[in-house]
Amino acid sequence: MHKKGLNIIGVSLDKDAAKWKEAIAKDKLTWTHVSNLKFWDEPIAAQYGVQSIPATFILDASGKVVATDLRGDALRAKIEELLAK
């Protein structure tokens, strides 16, 4: 769905850069990944109030959080709804 405007950013709570990068490669994850390698002290996780992982935040085109922690069909439906606008 990237060609339709979907952008994914993965924020990792890892502590070990080598293992983090290895997992990205092994799982063939093609989107942008960031981490400060600070585990639960990750500033981005703190900013969004992440209490458990995985956590999912859907932002609209203006950057407003419009849904959280959706999975499966509900996640796909919300993304398709936003991309249709």
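Val34 sits in strand S2, which spans residues 32–34; strands here are DSSP runs of E with at least two residues, helices are runs of H or I with at least four, and both are numbered from the N terminus. This is a predicted model, in which local features need pLDDT of at least 70 and side-chain atom pairs count only at pLDDT 80 or more, while totals for chains, interfaces and linings use all residues. Residues are numbered from 1 along each chain as its sequence is written, and side-chain values use heavy atoms, with hydrogens and water left out.

Val34 is partly exposed, at a relative accessible area of 30%. The label follows a simple scale: buried is under 20% relative accessible area, exposed is over 50%, and partly exposed is in between, with a 1.4 Å probe and protein chains only. Together with Ile9 and Val11, Val34 forms a nonpolar surface patch with about 230 Å² of accessible area. Patch members have over 30% relative accessible area and no salt bridge; like charges are joined within 9 Å, and nonpolar side chains (Val, Leu, Ile, Met, Phe, Trp, Tyr) within 5 Å. The areas come from the Shrake-Rupley method with a 1.4 Å probe, and for residues only the protein chains shown count as cover.

Now to the charged pairs. A salt bridge is a side-chain nitrogen of Lys or Arg within 4 Å of a carboxyl oxygen of Asp or Glu, and by this rule there are 2 salt bridges.

| Salt bridge | N to O distance |
|---|---|
| Arg76 and Glu80 | 3.7 Å |
| Lys78 and Glu81 | 3.3 Å |

Arg76 and Glu80 both belong to helix H3 (residues 72–84) and are 4 residues apart, about one turn of the helix. Lys78 and Glu81, also in H3, are 3 residues apart, again about one helical turn. Arg76 is partly exposed at 47% relative accessibility, and so is Glu80 at 41%. In the other pair, Lys78 is buried at 18%, whereas Glu81 is partly exposed at 38%.
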